[in-house]
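This report is written for a reader who is meeting the structure for the first time. It takes up the contact between the chains, then a ligand site, and lastly a single residue.

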Amino acid sequence: MSLIDVKNLSVQFKTDEGLITAVEDVSFSLAPGEVLGLVGESGSGKSVTAKSMMKLNPPNAIYAPECRIDLHLDSGPVDVMALKRPRDMEIVRGGAISMIFQEPMASFAPAITIGKQMVEQLLIHTDLNKKQAKDLSIEMLDRVGILEPATRFNQYAFELSGGMRQRAMIAMALSTKPKLLIADEPTTALDVTIQAQVLDLMKDLVAEFGMGIVFITHDLSVVAQTADRVAVMYLGRIMESGPVREVIRHPAHAYTRGLLNALPKLDDLDAPLTPIPGDIPSPLERPSGCVFHPRNPELKPGSRYETERPPLTEVSPGHFAAIFPEDVPGQP
Amino acid sequence: MTNALIKTENLSVEFPLGGGLFNKRTLKAVDNVSIEIPQGAFVGVVGESGSGKTTLGRALLNAVPITSGSASYDDGEEQFDLTKMSATDLKAYRRRAQLIFQDPYAALSPRMTVRDIIAEPLDVMGLTASREETDTRVREIAAKCRLNLEHLRRYPHAFSGGQRQRISIARALACNPRFVVADECVAALDVSIQADILNLLKSLQHDMGLTFMFISHDLSVVAHTCDFVVVMYHGKIVESAPTRELFAAPKQDYTKRLLDAIPSLDPDHRIRA
Ligand SMILES: Nc1ncnc2c1ncn2[C@@H]1O[C@H](COP(=O)(O)OP(=O)(O)OP(=O)(O)O)[C@@H](O)[C@H]1O
Ligand SMILES: Nc1ncnc2c1ncn2[C@@H]1O[C@H](COP(=O)(O)OP(=O)(O)OP(=O)(O)O)[C@@H](O)[C@H]1O
Ligand SMILES: [Mg+2]
Ligand SMILES: [Mg+2]
């Protein structure tokens, strides 16, 4: 059975300028012990999707009536959309779901030492006593590669370097041994050696007790290193999803190809860096048809993609792309 | 040969470590660093998390007290001794040297519109004579950073992480600085905007003769943008070399370990640390 099922998630925000569509008709499932990578350009709705899984979006968020999010925890199933207040979610998730937020500073209260915050949440969510909670916190700080963890335990967030702060946050999120980890850009501030170490720790926890991870990142190499499956988002929609090997080796959507193309390659330092052409449109002016069509260099004027929304078409087993069936690569 | 814009000798920065009143331990975040940054250079700083990269950058911007050693700035028109700065010096130096932040969330005031955020340094420093001039300047720099007019009227909370970083870059560049410390400034950006911003920073380097200290943990990015790379470990510079040389033939063990840990895009080539 899956850990979480997200079906037809659509989220809009009420703003002074009007309604902004942040996520549109997104569906996916995650099994225990599975790692799902979520990638896509800035503003594609990754963080809003992540926050929706715990109903943590701000009050101006409107969820479409047809959307369903079902969590299957040891304590029983949870209908996330039916939760009314953020407090309900707190109670439901206990220590079973952890989220690493994209905003590192926002995750630590500035006037409380990081150790105190780690211990407090362990006391709330586990049966550990104070001494055990402290020992475990220091052990977790050590496991994410923080030197002198006992000293760091007594420091405030502002006294840590960017990467240490991010690691402390990861240590805190993993210390309750969650069943589901939602990690939003968790390694952006880490150097590559520490990043590799942190990714190993996450993979160990996946293997040890079947933690499932939704891993949001813009770094496709990190996805290649960690994820089983990947979903590529743009302007709130899933453009392509499938086994990570398939999607990276045989990208079926022009958008995925554009992302791969924009990566700086180490084997050719003279190659120019190529961004995807054009600007991300204002969220108030959503393109018709395929939302990517105005920036798609592969389309001819007058194509179907300008007016019709392409379905998610299966291009190989378990590998889907938002293209019309006649455009599946390798088709006659 | 171009002149050194920034020059340090045995620069150290120490922080007090907690502990008792009588047990004053300190932490040497930057430990005897000697570095020269030529005018117009794009210098990458890489290294372990906590190795002192941000602190070094902040010391060069005079945003953190220098404990010992020397540090100076000289752009041919103005000179500063960064260890002896009066309040007037500091004000003048702010126009010349700017920071692009690591954390786009902490950097932007939530109660100001994007236009005002970008305009603030211009107003504070009195660099523009009228509101019209400020507006023109804001629009110019915003366009360079791919922000449109509609964005300028909005508040930062309505932007995603990557969009916010473009705002803070525009803000840092609004006063036409000569020296920019970019601290993990593309870490929060997606690959496409990252490519775009890196191309932008490179073109600013060439068109405006800007000098960059580019702090990043992303070695592929550093390899593509920097002319020169400095590797830090435990507060010290352990290796520095022209980019190609460093990537082709790293000399120090730590540099080798760093290069070996670069994640591969090949899912069948998974590494363990
Ligand atoms: N509270 C909010 N009010 C209004 N609009 C919002 C709000 N939060 C997010 N948005 C909008 O929703 C869209 C999706 O934002 P989201 O933060 O999910 O992007 P993202 O994919 O996480 O991007 P990034 O990679 O930059 O973090 C964006 O257009 C953003 O401006
Ligand atoms: N304001 C401060 N007070 C106390 N200690 C500090 C302060 N700022 C930094 N430090 C310490 O100085 C050391 C160097 O930190 P710095 O932020 O320069 O590292 P960094 O190389 O930028 O790391 P990262 O890659 O993680 O951002 C760390 O041990 C950090 O905890
Ligand atoms: Mg985000
Ligand atoms: Mg730093």
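What area is buried between chain A and chain B, and what percentage of that area do carbon and sulfur atoms give? In this predicted model, about 5,000 Å² is buried between chain A and chain B, and carbon and sulfur atoms account for 55% of that area. On the side of chain A, the residues that lose the most area to chain B are A:Val192, A:Gln225 and A:Leu269, which together make up 13% of what that side buries. The size of an interface is often expressed as the accessible area lost when the parts come together.

**The contact between the chains**

Chain A contributes 67 residues to the contact, and chain B contributes 56 residues. Four salt bridges are counted between chain A and chain B. One salt bridge joins the side chains of A:Arg245 and B:Asp268, with an N to O distance of 2.6 Å. Between chain A and chain B there are also 17 residue pairs in polar contact, both residues being at pLDDT 80 or more.

Several helices of chain A each supply at least two residues to the side that touches chain B, among them α3 (104–107), α7 (162–175) and α11 (254–262). Helix α8(A) gives the most to this side, with eight residues. Sorted by class, the side of chain A that touches chain B holds 29 nonpolar, 21 polar and 17 charged residues.

**The site of ligand 2**

Ligand 2 is surrounded by residues from chains A and B, and the site is therefore shared between chains. There are 19 residues around ligand 2, of which A:Gly163, B:Ser49, B:Gly50, B:Thr54 and B:Thr55 come nearest.

**A buried residue in a strand**

A:Ala183 lies in strand β8 of chain A, which covers residues 180–184. Because its relative accessibility is 0%, A:Ala183 counts as buried. Apart from its neighbours within four places in sequence, A:Ala183 is in contact with A:Ile100, A:Val214, A:Phe215 and A:Ile216. A:Ala183 and A:Ser2 are 181 residues apart along the chain, and 18 Å separates their C-alpha atoms.

Terms used: Residues are numbered from 1 along each chain as its sequence is written. Chains are lettered from A and ligands numbered from 1 in the order in which they are written. This is a predicted model: local features need pLDDT of at least 70, side-chain atom pairs count only at pLDDT 80 or more; totals for chains, interfaces and linings use all residues. Side-chain values use heavy atoms; hydrogens and water are left out. Contact means heavy atoms within 4.5 Å. Buried area is the accessible area (1.4 Å probe) that two parts lose on being put together, summed over both. A polar contact is a pair of N or O atoms within 3.5 Å; within protein, one must be able to donate a hydrogen and the other to accept it, and residues adjacent in sequence count only if both atoms are side-chain atoms. Helices (H or I, at least four residues) and strands (E, at least two) are DSSP runs, numbered from the N terminus. Ala, Val, Leu, Ile, Met, Phe, Trp, Tyr, Cys and Pro count as nonpolar, Asp, Glu, Lys and Arg as charged, and the others, Gly among them, as polar. Buried means under 20% relative accessible area, exposed over 50%, partly exposed in between (1.4 Å probe, protein chains only). A residue is near a molecule or strand if one of its heavy atoms lies within 4 Å of it.
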